[in-house]
Structures are given as C-alpha cells and as structure tokens.
Amino acid sequence: MVIAEFSLDAFPATEQLKNLCGLPFGLTLQPFARAPHLAVDKEAKKQTSSQLPRCSECYSYINAYCGVDRDGFTCSLCGTYNPFSITSKLRYCRPGVPAASLPELCTNLIEVECEEPIREEEEEEHDSDALQWSLPEGVPVYIALVDTVCSNEFLDCVKTALAAALEAMPASAMFGLISFDDRVRMFDAKGPVPVCKSIGVMDDGPLLTPLEDIVALQRLLTPVGQFKDSILVALETLECSQGSPTSNLMDAPQVVSVELEMKFSQPSRGQCFGAALQGVLQYLHPLSKHTPQDSFNPSMAGKNSTAIRLLSFLNGPPTLAHGSVADYLLARESMRNKEPEKRSAETIATTLDMATSVELEMGVEMGVNQPGGVNPEDQEHESARSIVSSFYGQAALVAASMGVTIDLFSVGREAAGMEILASLPEHTGGGIWLYPTVVDAMMTQDLHRHISTPRAQSCLLRIRTSPEFKIARCYGNLFRDPVYEDLFHIISCDPFETVAFDFQYKNGFSASAMIPPTLQIAFQYRTPVFSDGEFVKHERKMRICTLQRRIAENPGDVYQGVKSGAVASLLLHKSRAAVKTEGQYRAALLLQDWLVILAANYMQNKTVSHGGHLSETTQGDFSLPFDGLESLQLIPRLVYGLLRSPLLLGSLVTPTESQDYAVFLEHLWTSLPPYQLQRAAYPSLSSYSTPEKQALPLHSLSNLAIDGSDAPIFLLDAFTTVLVYFKSSCPPETEFPPPRNSLLRSTVNDMRQNRRLAPQYRVLKEGDPGEALFRSFMCDEPMELGMKLEGEAAASFGGYKKFLEWLKVAAVSLLDASRKA
C-alpha cells in the first residue's frame, strides 16, 4: 500500500506553535509500496481515473472524507460543493447500493486504471528513418557494462550474479553484454558461438567510432528465453585484462574475437567507463522516442515505452579517456589532511537564545545561508571535480531523458570516485551497491532481487493539500515539474523507494474549522504485465490516497503525535542538504544544535500530569531521554547514530575509510522507509537463552549489555549486516550454527527478506577473529579517535550515556541564556 508517515501525527495549529516545539513538519512517502489488499471491486476495476469525480476548484479526487449526497459531493480539501455529472449519478445514486459502500468512499486508498497519454506528433515523426529494426513493444532491455580491469575473483562474482539475473528476467527480455578496459568489447550472442568485437578509445577522448558501426543494436540485444545458453557462454568468455589488452579474448576457445585496430590508438592500461557509457547512451538513442536533451525535462522520460536498465559493474575508478576521475582523486588525496573547521565548546551556551533556536532549526531545514560556510581553497581540486562532475552529470541527464536507468555495482576498497558517479543512479532512478571485498559481496542475491522486484516506470506524483499549508521542499529521487505546481516526476522506483517533503504554513489551522487538515496523494505509474515470461501489455494505473490529521492546540498534543522514524528521515535529508553548503563538520554541529533546542523546548514545555496542559519545569525535574514521552525517546538515539555515521562526523574521525562508502550510505539511507532507516542508523540487539527461546527483545549497544547478561546468544540487526554471536558461556549442547528450523534462524530469515539489499549474515563465537566485527557495532561505547575532536563535536563519541549528559547540560545552558536575555 501507499505508506505515508507524517513527522507529526497532530498538526500544530500555528507556525508559532510548531517553532516552539522545534520539530520538523513534513511527510515521508513510499509511493509504490506493495499493496496486496487495495480496495477494488468489479466496478472499480472498470472505472478509469478520468471517470472519478473531481473538485472543480482544487481538482482533488472524490474520497472517503467527502460529504456526499444524491446530487453531488463536498470537497474534503477546499470545501467546494461539486454537482454530479449524469454519468457520476449512475454510479453514486444507484438504488439499493449505498454510495458509502463504494471503494473510493469507504477507504482512504484506491487504485484505478489510467488512459495512456495521447502521443505527440513529434514522437511519431522523430527518427522515422533512424531505426529500421523495431524492438517489440514493452520488452524490457538489460545491458551489462562490465569492468575487466579486475581480479579473477571479481569477474567470477559478476558472472555468477549475471547468470542469476538471467533467471529473474522474463523470457521476452532483451540482454546485451559489453565489457571495457582500455577497449570496449561487444558480444553478439545470437549464434551458436558468440562473436566479440572491440574498439579502442583515445587516451583523453571518446570512443574511436560509434558502437553501432561495430555491432548493430539488433545483434547485441539478445532474447533471454531463446538464447540464454549462448549468453551464458559469452559471460564465461569474459577475461581479466592482466597482460595485453586483447590476448585473453583472442585465446578463448568458445568465442570468435574481432579486433578493430587503429594505428593511432596505442594500448593503454586503464579503465574507460566514461567513454563506454557515453558510447552506450548514443548507441541506445534509437530506442528513445525523442532526441536526448542537453537540459533535463523529466516529462520526456515518460514518453518511452521501453524500460532500459544499464547494469554497470566497477572494480575501480575510471582512469582513461572521457570521464576519467584520476586527476580528481589525486587532487582529493592531497586535501585529505586538511583540518576541519573548529569552534569552541562554549559557543552553544553563549551565542544561542530562543530566537536563534528557530533560525538554527530553519538552518537545518534549508541547509543554506549559514554563516561561515566551507569554501574549498584548493583550486586544482575544484577544477578537477568540476570537469568530471559535468561529464557524468550530463550523461545522467541524457540517460534520464531517454528513460535509461543506470545501476552501479562496485567491489573493492579502492576509491572509485563514487561521489562523482553517484549522479548517474540519482538522476535516473537507479541504485548503488558497494561491497568492500569479493568475499563479503552479496552481489548475486542483490542483483537477482533487484531484477525480480517489480518497478514503476514513468511516474507522476501529485500532492494536493488543504489551503492552510503547502509543500515547501522535496527530497529524494524525484524532480519538480517545471510548469505545474506540486507535480513531481519519478523516473523509476521500486516498492522500497521513499521520498520526503517539508510543509510550510500558509494560514493557521483552526480547531473549529469544518474541514481538518487534509492531504491527497495521486501516484500515476506504468508497469508491464507478463504471462509465462512473455510481455502482454503495459498497465498505467493511479493510486489515490487521502489523509486527514487532527489539530494540536498545545505543545503536549504535538509531542504526543511525534513519529520518530519520519523525524529522523527528514533530519537526514536536511543534514545532507547542509553538508553540500556547510561541509560535514558544520552540518553535524547544526544537527546537534537542533537536538539541544528540542530538549530545551521540551524542558520549557514539559507536560504536567493533569489535563494535558503544559507548564515550565525546573532543572532538577528534567531527565533524558524525554522522560514520560515514548514518542520522543528514540530521537536522541537516532541523532546520535546519524552523528557517528560516515555521513557526518564519522568520516572526520576515520578519514582513511573509503569515501565511496559514505556515498553508498547516503544513497541507501535517503531512500529507505523510516522503519528501515531507524535500523540502519541505530542497530538493534536482542538476546536468546537458546535458539528456540528469546531472552530479551532489546539491549543497549554496549559491551556491558553483552558481558553482563546471562543470555548466551545475541542477535544483531544492522540492516546491511545480520550477526549471531555465541558467548563462551553458551552450553556445549547448543547447536552451532543455529538450526534452520529454530526460532532464531527464522527471525534471521525474516530480517533478510523484506529489504532492497540482502544483508550479510554471519554466525560468530566469542574469541573468534570475527568477534571484532560484532563489537564494532556497539556504538553506545566511547570512540577514542572521536573524542579528540574539539568542543561539542566530540560529544557523540564519549558513549551514549555521556552524550545524554552533555545534551542535558547544553539544554539547561540554553534555557538559562534565554531567560537572562
């Protein structure tokens, strides 16, 4: 179902009340979440979106919150009365069928079919003579772009993953295989023996000739069902580029290899991913319904009926030809030891008052206009970054306008320049998978899960609100429409994809108003329908979800309705926006300041036991985390986890860790639903007496919780990693590892199922070398390196208990400074 979670379940009556509480006011949304029990009936299935009555004023759809009589309905968003058309009366005024029993009037979520958009003349005229061979309508296209400047272990991992992916593809799908080192190799697998042809690149330029001149597109794209065995043979002929760039393929017994030699192209050790990508996008142009755009118009992608996925596998950075990140990585390395900006420990107590509290909260919201932003002084670094960022940014825009989704799979600890390459999946609706080693790589499971998971293509998302508030900002892999307000485009999304929105007040909410705060989500998407692996048709549907919330008249009501997961999701997006303008150090301090302000506001407005009214509290009455309010108690832990993560201060404490990992985490975390983000930012730890009996469902993430517990078995869920840990005190008769049919193993299996990434699973014993991995997740413990940071930046590295003590002192100091002012 469409999962929408507000950060505040009760909307503050006024903007002043919202600022007084210091909490973000917004929404997280999974538009394509799995919906096995959508409310439909036979009539609803026949009904299309154009037949649903709509408000003549705000254009919202009729819904369960509308007042309906025999002549019309009253809009639940704006209050306008709308007479029924003659056609609508036939549905809503049928004798013996109460209108309230219809799906759209008895539930807040429905799904209806949509008419396909009218084709534009330019679509029909475009490239009429450019493509004599036409791809069957609706057939998905997958192209694997494989880096062969790699180890044998990496290539074996990619081969196994692609073989599993073929099993997940429908039989009618088209698959193409292209590899690259300092040449680009294309495989024609439509015959009994695959044929490989290749072309070189200029050291600092593009491919020497278009790919279409080497292998025609209709020869590269191979039907999976008909030629699966031939594709697997082609995969097996992939070889690492260790010696001469061409020697291995020439010696392969099961492939015919043709090298197109150019006198002015000398073999060069390197990896030409950028030039290969550029050539592939030009190669795929005939499958597009329009000319690729230099400037991105997200509505263009919706015109393409062919779903194209470019699966890119990297074992290191692009270092050759167009798109090389070698100069950028060298310049970045020279800046690594640059000291971050520091500020004194007394700053928060001496420079903040309640007025600046609001400004700082807005600073985290906006991520802009904060004084003293970090401006890199190294011009060489900025120049190198600008050049390569522009190249991949332009490639991403071209791909998005063509409806091509780009996925990146990277293996290895060597920096691949992922902060530059990330624009490719971010702008095209793709994903990033990063594995530190081949041994740890769950690529086979992840790729099979990725291919087999249903996806929505060419999506439109419209959010309408009642007049008192509006959408201020959006976060995630979506784009605002350049013309229509509150209309957003999503190139492609899976059921886990989550986007977020900030709200802004237009007028205050009134408790006496006839219409409570209302929001309507209309999500229109296209998805293919297959039968026995063969394409049947495209379905275009629309989900309509209408939500109402009550009004909070005082801080107590606001606090009671806090949704900590949605708050954490919004804070993550705001912090990442701040990083782009302020740098990681100041962004982390802004997030800490926000938490201090929240705690100080709570102290100021602490709930008393009678009547839900609020009064001031004394310092002695205040304890953390937010005593007596379960809705707020998780927030300090989540902020603590975000601060220590590589996305913020964690990267300053351990700068030797690959920056690619931080980019991967940012891409993953910002697209997670709130309940999964909570697990990723702050893992859960439970204990078991035996594999069949749970001891405690939740422990603190500390060594004391483990060593001081009588429970012999612990289960850690860190979202991307699931660990089972057996203490030395575990009875010798206890089976190791846990039996497959045990409660513990069943719990592990459930954890690993409903996730975009397959978590790595390991079973460890106390004293084993792997114990260090388990202990590394005990983030409630102090981190010595982090405690060397100056001022309040070190607060989150002294352990969670000391973090709470620091938070209390900082909040009290802020309140004292405010009262004196």
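User: At what angle do the axes of helix 6 and helix 17 cross, and within what distance do they come?

Analyst: A word on the source: this is a predicted model. In general, two packed helices are described by the angle between their axes and the distance between the axes. Here, the axes of helix 6 (residues 152-168) and helix 17 (residues 443-452) cross at roughly 25° and come within 8 Å. Angles under 35 degrees count as roughly parallel, and helix 6 and helix 17 are therefore roughly parallel to each other. The crossing of helix 6 past helix 17 is right-handed.

User: Which residues make the contact between helix 6 and helix 17?

Analyst: On the side of helix 6, the contact is made by Cys 157, Val 158, Thr 160, Ala 161, Leu 162, Ala 164, Ala 165 and Ala 168. Helix 17 contributes Met 443, Thr 444, Leu 447, His 448, Ile 451 and Ser 452. By class, ten of the residues in this contact are nonpolar and four are polar, with no charged residues.

User: Which residues of helix 6 are buried, and what covers them?

Analyst: The buried residues of helix 6 are Phe 154, Leu 155, Cys 157, Val 158, Lys 159, Ala 161, Leu 162, Ala 164, Ala 165, Leu 166 and Ala 168. Their cover includes helix 17 and helix 8 (224-236), together with strand 8 (141-147), strand 9 (174-180), strand 14 (308-314) and strand 15 (404-411).

User: How far apart are the end C-alpha atoms of helix 6, and what span should its 17 residues have?

Analyst: At 1.5 Å a residue, the 17 residues of helix 6 should span 24 Å, and the end C-alpha atoms are 25 Å apart, which agrees. The test can be repeated on helix 20 (residues 584-604), where 21 residues should span 30 Å and the end C-alpha atoms are 30 Å apart, again in agreement. Of those 21 residues, 19 are buried, so helix 20 is largely enclosed by the rest of the structure.

User: How does helix 22 pack against helix 29, in angle and distance between axes?

Analyst: Helix 22 (residues 635-644) and helix 29 (residues 800-820) pack at about 110°, and their axes are 11 Å apart. That angle makes helix 22 roughly perpendicular to helix 29. Helix 22 passes helix 29 in a right-handed crossing. Pro 636, Arg 637, Tyr 640 and Leu 643 of helix 22 meet Tyr 800, Phe 803 and Leu 804 of helix 29. This contact has six nonpolar residues, one charged residue and no polar ones.

User: Where is Gly 79 placed, and what is its relative accessibility?

Analyst: Gly 79 sits in the loop between strand 5 (72-74) and strand 6 (81-83). At 34% relative accessibility, Gly 79 counts as partly exposed. Beyond residues up to four places away in sequence, Gly 79 touches Thr 74 and Ile 515.

Conventions
Residues numbered from 1 in each chain as written. Predicted model: local features only at pLDDT ≥ 70, side-chain atom pairs only at ≥ 80, totals over all residues. Heavy atoms only, no water. Axes fitted to C-alpha atoms, helices over the stretch in contact; angles between N-to-C directions. Helix = DSSP H or I, 4+ residues; strand = E, 2+ residues; numbered from the N terminus. Parallel < 35°, antiparallel > 145°, perpendicular 65-115°, else oblique. Left-handed = near helix turned anticlockwise from the far one by under 90°. Contact = heavy atoms within 4.5 Å. Nonpolar A, V, L, I, M, F, W, Y, C, P; charged D, E, K, R; others polar. Expected span 1.5 Å × (residues − 1). Buried < 20%, exposed > 50% of the residue type's maximum accessible area, 1.4 Å probe, protein only.
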